[in-house]
2 protein chains.
Amino acid sequence: MERIIRLQRKIAPDLIAVVEERYNVLKHIQYAQPIGRRALAALLGLSERVVRADVEFLKEAGLVDFSGLGMSVTEEGHNLIAELAQYVGILHGLTKLEAILAEKLGIKQVIIVPGDSELDNSVFREIGRTAASVLTEYLQDDMIIAVSGGSTMAALAETVNASMPTVTVVPARGGLGEQVEYQANIIAAVMATKLGGRYRLLHIPDGMSEEALEAVRTSDPNINEVADMIKHADILIHGIGEAHTMSMRRSHEPDVVNYIGKNCVGEALGHYFSLSGDCIYTTNSVGFRLNDLAEVGKVIAVAGGQQKAEAIVAVTRAGSQDVLVIDEAAARAIQSII
Amino acid sequence: MERIIRLQRKIAPDLIAVVEERYNVLKHIQYAQPIGRRALAALLGLSERVVRADVEFLKEAGLVDFSGLGMSVTEEGHNLIAELAQYVGILHGLTKLEAILAEKLGIKQVIIVPGDSELDNSVFREIGRTAASVLTEYLQDDMIIAVSGGSTMAALAETVNASMPTVTVVPARGGLGEQVEYQANIIAAVMATKLGGRYRLLHIPDGMSEEALEAVRTSDPNINEVADMIKHADILIHGIGEAHTMSMRRSHEPDVVNYIGKNCVGEALGHYFSLSGDCIYTTNSVGFRLNDLAEVGKVIAVAGGQQKAEAIVAVTRAGSQDVLVIDEAAARAIQSII
DNA sequence: CATATTGGGACATATAATGTTCCAGTGGGA
DNA sequence: TCCCACTGGAACATTATATGTCCCAATATG
């Protein structure tokens, strides 16, 4: 069952919308029968003509009957509703969940990729691809895109597929502590290459002292330039990490790791957040800072896996994300904790 | 699995064509990769633009890659083909089977309703509804429709749903030996009422002697009139019966029943046919005769259940049917005997 | 270097979806 | 009994989408 629906979503994603709509229409007729087209349209929030097209199909399929009083579902239609319920339940579950999470987390749009990226690597890649197509959707000429690091972002960059020669990609923050192919610099370069556009890099390690930072800043004018581009990026697209994992990976001092582990659950762009969404700790670096958010056009967050549920909640509570792309496992885990 | 596909066929039948096409395109790319749009279009027998729309979708879904050499399926696409194979196999199985049977039986169009009408009553009704919509498709003003008797035809008549006030419905043959609601007369009346049209009846029992028939004919001018309408009907729509069952039901003489049971397998419109399609025996009655077939516009045959497989083969071999509506069980049984 | 094929792009046209409006019936309530 | 608000059916202009038909620069292959 689940597998078929996965296939469906992959090979014909627009079809599920049709199925959902027809099921929904049928259900509403059952609920309010006998009911007329106009009343039904008002009930469903659809235009009369669209409802008409739907009910004409349902009539043709023998699922509804027409009479002078209005439409009503046939016995067969009644049976079908019951059967369709669980089918559409799974189908519709995610889009419904998307709406719920969007409201609860205060995000404009939540996109849930079916499956579990921790168990199924194809789901992981699918998150990347989905986020990439969201990005492509917003892309326009001469835009500046800021990207974070991380394995998810790396997968995303690989699947970007558009021609945007006038776009510039920059890393959202310095940070050289990680595996090289997951560094923001590399990801910015990869993405820019895929887009046929330009990129600028930031060669600044995470966690430098204030003094050292200042010294590098003054000695290298490129850094301030890039930092300024980051602050006014048109699109910021970033991953979300678990606070503890990230603090370990970044080799912070043991007491800092401890402090973060005790107080924080989520990390994004070098900021560590508590579950309530407060920024508890920030690594020293050049680049994006939390109060730059207001200046940025669109913010797209990407993450997957139920382990990251708390982290996702923390980060989304902290700032105003526009789009959140997650997998089904994360979505369900989030639903259970908020 | 089967159930979901049944739901799909019911709630969104046109969508399965899309799935099939995309699967087909994907499969052909895999077979001939790397291949270009034009070559692929030629291979598939589709127009270039249509292929293009498909591959653009497949590309967006990450199932194919484009390069200067042509298109090739990604690893994910490769995996998906394997998964889709069985899904589309079932989906496509029937339409493929329709084509096979149409060719082997020499019928213009075979329509297979999924399921087994012997086991599932909804399938039985679905056959009726499907045949009714085929009928509606061909219906035009002032047409004369000849109908046979039988339970399948009764189900069909109930589901007819169109407004055709200028249409006249007549029974294809006399025949009063059966259950009243399954008689051709009643079915003609029901169907005419559903269409808002007229009907004419034939009050002649099956199996009268030649002399008696002649007597009734001369005494009642109405009979010859209706008989003439039948001969020039625009649409003839009839059921198919098992020879032995029908001969019993019609209370023929014991030796006739025996003769039919030994030599015939199929019955339609009072004619009994051998498996090879030869007319072995004909009940005496007024109305349609085999050599009237040429005069009739469209012939639609309807039947269901695997028990009727041989009967269907016999009847379709006998005359030129235009459309045959059967259920999946019958279709598979037919496939195994031809 | 010539050639055939590639993907990408553009644009007119055909087809389908949709918005909008009207109509003749027909129940139910006054 | 009459009126009114509702029904389904139909029509038509408008919009959106799909499709057919070219052309182009790039590129692998000989």
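Biologist: Into which classes do the residues of the surface near DNA strand C divide?

Modeller: Ala, Val, Leu, Ile, Met, Phe, Trp, Tyr, Cys and Pro count as nonpolar, Asp, Glu, Lys and Arg as charged, and the others, Gly among them, as polar. Near DNA strand C there are seven nonpolar, six polar and four charged residues. This is a predicted model, in which local features need pLDDT of at least 70 and side-chain atom pairs count only at pLDDT 80 or more, while totals for chains, interfaces and linings use all residues. Residues are numbered from 1 along each chain as its sequence is written, and chains are lettered from A and ligands numbered from 1 in the order in which they are written.

Biologist: Which residues are the closest to DNA strand C?

Modeller: A residue is near a strand if its C-beta atom, placed from the backbone, lies within 6 Å of it. DNA strand C is surrounded by 17 residues, and the closest are A:S47, A:R49, B:G36, B:A39 and B:G70.

Biologist: Which element gives the most to that surface near DNA strand C?

Modeller: Helices (H or I, at least four residues) and strands (E, at least two) are DSSP runs, numbered from the N terminus. With four residues, α4(A) gives the most to the surface near DNA strand C. At least two residues each come from α4 (48-60) of chain A and from α3 (37-44) and β2 (70-73) of chain B.

Biologist: How many residues surround DNA strand D?

Modeller: Around DNA strand D there are 18 residues, the closest being A:G36, A:A39, A:G70, B:S47 and B:R49. Here α4(B) gives the most, with four residues. The surface near DNA strand D holds eight nonpolar, six polar and four charged residues.

Biologist: How many residues of chain B are in contact with chain A?

Modeller: Two residues are in contact if their C-beta atoms, placed from the backbone, lie within 7 Å. By that rule, 23 residues of chain B are in contact with 23 residues of chain A. On the side of chain B that touches chain A, α1 (2-11), α2 (13-32), α5 (75-105) and α6 (121-138) each supply at least two residues. That side of chain B comprises 13 nonpolar, four polar and six charged residues.

Biologist: What does the domain assignment of chain A give?

Modeller: Domain bounds come from an automatic or database domain assignment. For chain A they are domain 1 (2-90) and domain 2 (93-337), and the C-alpha centres of these two domains lie 40 Å apart.
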